[in-house]
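Subject: Structure handover and notes

Dear colleague,

I am passing on the structure we spoke about, together with my notes on what was found in it. Please read the notes beside the coordinates.

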Amino acid sequence: MAPRANWKGFLRLSLVTCPVALYPATSESEKVSFNQLNRKTGHRIKYAKVDADTGEEVDNEDIVKGYKVDTDTFIEVTKEELENVALESTRTIEIDEFVDRSEIDPRYLIRPYYLTPDGKVGHDAFAVIRETIREMNKVAIGRVVLTNREHIIALEPLDKGLMGTLLRYPYEVRSADEYFDDIQDVKVTKDMLDLARHIVNQKAGHFEPDKFEDQYETALIDLINQKRAGKPITAKARPRGENVVDLMDALRKSIGRDAAAATEAPRKPGKKPRKAAAGQKEMLMPIAGKKPAKEAAAKKPAAKPQRKSA
């Protein structure tokens, strides 16, 4: 099934315009999710929208947005009034300027999207805008309206398309001063830096996302499998942090430990991971009453858990 666009409109650079579609570049739908249940009955919890004063349930068509002025005073704003806030960015991403990627503070980054041509027309104009940004080695800054809010969006080439990253406004970014002011000014000696650099060199590598494993997600699946199989759940010992008495001694021990780990690692041949679909998770235990556990495990591959929306 083709992905569904979050937004459709136009991308414009001066007088060059093309129809485009914006798609989310990330997803959390594959993560394990839980429903809230009534402990006594095992039934799901249902939430009702009720009037805070009367306690009566309110139909969706009778619910409007309101801006709180004080404790008991609200200014009602209807859906039609919100739609009448006519911003050009509601339907058009207008490129306002081009900046160097290094100038964008990471604190301003929110989430990435994919931007593609929408339909059969406009591919030429899209390619011109994309390749211009690529050739100039810049990031295009524009504005787009998503979920009734205008966002700043940074556009940069990604393969045949564009990646758009939503950016925060300055008022959304907290100053670091209130958090960092109490950090003590410490004089770090050359010996400490040399030892720390040595540790960094031992751990040097390349950014390869495929190597990362969501260990908490894996632990959740193991927990569900054990409960599904009726196995007892035992609490695991939590790792304890140790107080650093001698920093130089701790740095030296770290170097020795990491060197030993690097030497032992090649001796243990790792199992080649079975290739799975993107985002695939496995629930290993069969549903009770279908087949004996051993027979099902032998004949049937691990099944993906059925997820219900919360």
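Helix 2, which covers residues 123-136, has 14 residues and reaches 20 Å from its first C-alpha to its last, close to the 20 Å expected at 1.5 Å a residue. Please keep in mind throughout that this is a predicted model. Within helix 2, the buried residues are A125, F126, I129, R130 and I133. Seen down the axis of helix 2, these buried residues fall within an arc of 130°, so they line one face of the helix. The face turned away from that buried side carries D124 and E135, both of which are exposed. Directly after helix 2 comes N137, whose phi is positive, near 55°.

The side chain of R130 meets that of E131 in a salt bridge, at 2.7 Å from N to O. R130 counts as buried because its relative accessibility is 14%, under the 20% cut-off, whereas E131, with a relative accessible area of 28%, is partly exposed.

In total, the structure holds 13 salt bridges, and a few of the others are described here.

The side chains of K138 and D100 form a salt bridge with an N to O distance of 2.8 Å. K138 lies in the loop between helix 2 and strand 7 (139-146), while D100 lies in the loop between strand 5 (92-99) and strand 6 (109-117), so this pair ties together parts that are 38 residues apart in sequence. Both ends of the pair are partly exposed, K138 at 27% relative accessibility and D100 with a relative accessible area of 29%.

In helix 4 (residues 190-202), R197 and D194 are three residues apart and therefore separated by about one helical turn. These two residues form a salt bridge in which the closest N and O atoms are 3.0 Å apart. R197 is partly exposed, with a relative accessible area of 46%, and D194 is likewise partly exposed, with a value of 31%. Elsewhere, D96, R143 and E150 are linked in a network of salt bridges.

Helix 4 also contains M192, which counts as partly exposed at 21% relative accessibility. Which residues is M192 in contact with, leaving aside its neighbours within four places in sequence? They are L247, M248 and L251. For M192 and M248, which are 56 residues apart along the chain, the C-alpha atoms are separated by 6.5 Å.

Turning to the protein as a whole, there are seven helices and nine strands. Of its 310 residues, 19% count as buried. Among the contacts with a separation of 6 or more, 64% are between residues 24 or more positions apart. The protein exposes about 25,600 Å², and carbon and sulfur atoms supply 53% of that area.

Key: Residues are numbered from 1 along each chain as its sequence is written. This is a predicted model: local features need pLDDT of at least 70, side-chain atom pairs count only at pLDDT 80 or more; totals for chains, interfaces and linings use all residues. Side-chain values use heavy atoms; hydrogens and water are left out. Helices (H or I, at least four residues) and strands (E, at least two) are DSSP runs, numbered from the N terminus. The expected span of a helix is 1.5 Å times one less than its number of residues. Buried means under 20% relative accessible area, exposed over 50%, partly exposed in between (1.4 Å probe, protein chains only). The arc is that of the directions from the helix axis to the C-beta atoms. A salt bridge is a side-chain nitrogen of Lys or Arg within 4 Å of a carboxyl oxygen of Asp or Glu. Contact means heavy atoms within 4.5 Å. Accessible areas come from the Shrake-Rupley method with a 1.4 Å probe; for residues, only the protein chains shown count as cover.
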